[in-house]
Amino acid sequence: MRVLRWIIGLIIFAAFFYFNFFIYDGELLFKLINVILFSSLLILLRVMFGPTAVDRIVAVDILGVLAIGLLALLGLHYKESFFMDIGLIWALLSFIATIAFSKILEGRQLDD
Amino acid sequence: MTEVIGIILICMGVAFDFLGVLGLVRLPDVYNRLQAATKCVTFGSAGILLGIIVMYGFTNFGFKALLGIIFIFLTSPTAAHAISRAAHRSRIPLAKISVVDKYEEDKELKDETLKEEVKV
């Protein structure tokens, strides 16, 4: 059963990379953006099926970090700099949410 | 020349992001997942922003990317430390193949010393 799951995952990954880098005919930046979007899909999978609450918090935190990279690549394509503002605010909100959730998990209140 | 160096840095950053997320999906434990996932901060997104700095120089886009790097490097280890401490305090078990747990021993020892002080 574990071997079957491993092989299914390997097939999905290989298909994604084959279609992204050899079939899809676009710029290099779009291919990199596709890789980051595929990574955020995997993170959402961890958010859905994570066994404990801490897994979900870690996954959402890393989703915020990936969003900074995605918005930086989008700004690089459109040659506009306001995408970085959105990324900074996203990272700030993700950081505050992470700290608050870890404090609640530890059994303390927010004004402790 | 700077564009080529920037594109190479950006490709490296995207590769590190993907590998970090792969570790987040594959590894068996909360602490291992955290250890793999914080790698995609230091080389992943910070690599992308460093490539943008190399490509754009000291324009407004470059300065915003520099601000992003400083902000990520300040906040991400703090968040990882808080998460791991909260996970260990809320009794989330380690994976079965893990060998040693030093923080648990430290906590037990600290509790014993506290009890002795109370007795005295």
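In what order do the elements of chain B run from the N terminus on? This is a predicted model, and if you colour chain B by secondary structure you can follow the order α-α-α-α-α from the N terminus, which comes to five helices and zero strands. Of the 120 residues of chain B, 38% count as buried, and among the contacts in chain B with a separation of 6 or more, 63% are between residues 24 or more positions apart.

Next select residues 2-23 of chain A, the helix α1(A), whose 22 residues reach 30 Å from the first C-alpha to the last, close to the 32 Å expected at 1.5 Å a residue.

**The contact between the chains**

Show both chains together and select the residues in contact, 35 from chain A and 38 from chain B. On the side of chain A, the elements that give two or more residues are α2 (28-49), α3 (53-78) and α4 (82-105), and the largest share, 15 residues, comes from α3(A). By class, this side of chain A divides into 23 nonpolar, eight polar and four charged residues.

Within this contact, select α4(A) and α4(B), whose axes come within 10 Å and cross at roughly 10°. With angles under 35 degrees counted as roughly parallel, that makes α4(A) roughly parallel to α4(B). Residues making the contact include Met84(A), Leu88(A), Phe95(A) and Ile99(A) from α4(A), and Phe61(B), Phe71(B), Ile72(B) and Ile83(B) from α4(B); by class, the contact of these two helices has 15 nonpolar, five polar and one charged residues.

**The nonpolar core**

Stay with Ile83(B), which, leaving aside its neighbours within four places in sequence, is in contact with Val54(A), Ile57(A), Val58(A), Thr98(A), Ser102(A) and Leu34(B). Which residues of the largest nonpolar core touch the most other members? Of its 54 residues, these are Val58(A), Ile62(A), Ala72(A), Leu49(B), Ile52(B) and Ile83(B). At least two residues of this core are supplied by each of α2, α3 and α4 of chain A and α1, α2, α3 and α4 of chain B, with the largest share, 13 residues, coming from α3(A).

Lys79(A), in the loop between α3 and α4 of chain A, has a positive phi near 55°, and Lys79(A) is exposed, with 8 other C-beta atoms within 10 Å. Then move to Arg91(B), found in the loop between α4 (60-89) and α5 (102-119) of chain B, where phi is near 60°, again a positive value in a residue other than glycine; Arg91(B) is exposed, with 6 other C-beta atoms within 10 Å.

How values were computed
Residues numbered from 1 in each chain as written. Chains lettered and ligands numbered in written order. Predicted model: local features only at pLDDT ≥ 70, side-chain atom pairs only at ≥ 80, totals over all residues. Contact = placed C-beta atoms within 7 Å. Helix = DSSP H or I, 4+ residues; strand = E, 2+ residues; numbered from the N terminus. Nonpolar A, V, L, I, M, F, W, Y, C, P; charged D, E, K, R; others polar. Buried ≥ 20, exposed ≤ 12 C-beta atoms within 10 Å, placed from the backbone. Axes fitted to C-alpha atoms, helices over the stretch in contact; angles between N-to-C directions. Parallel < 35°, antiparallel > 145°, perpendicular 65-115°, else oblique. Core = buried A, V, L, I, M, F, W, Y, C linked by C-beta atoms within 7 Å. Expected span 1.5 Å × (residues − 1).
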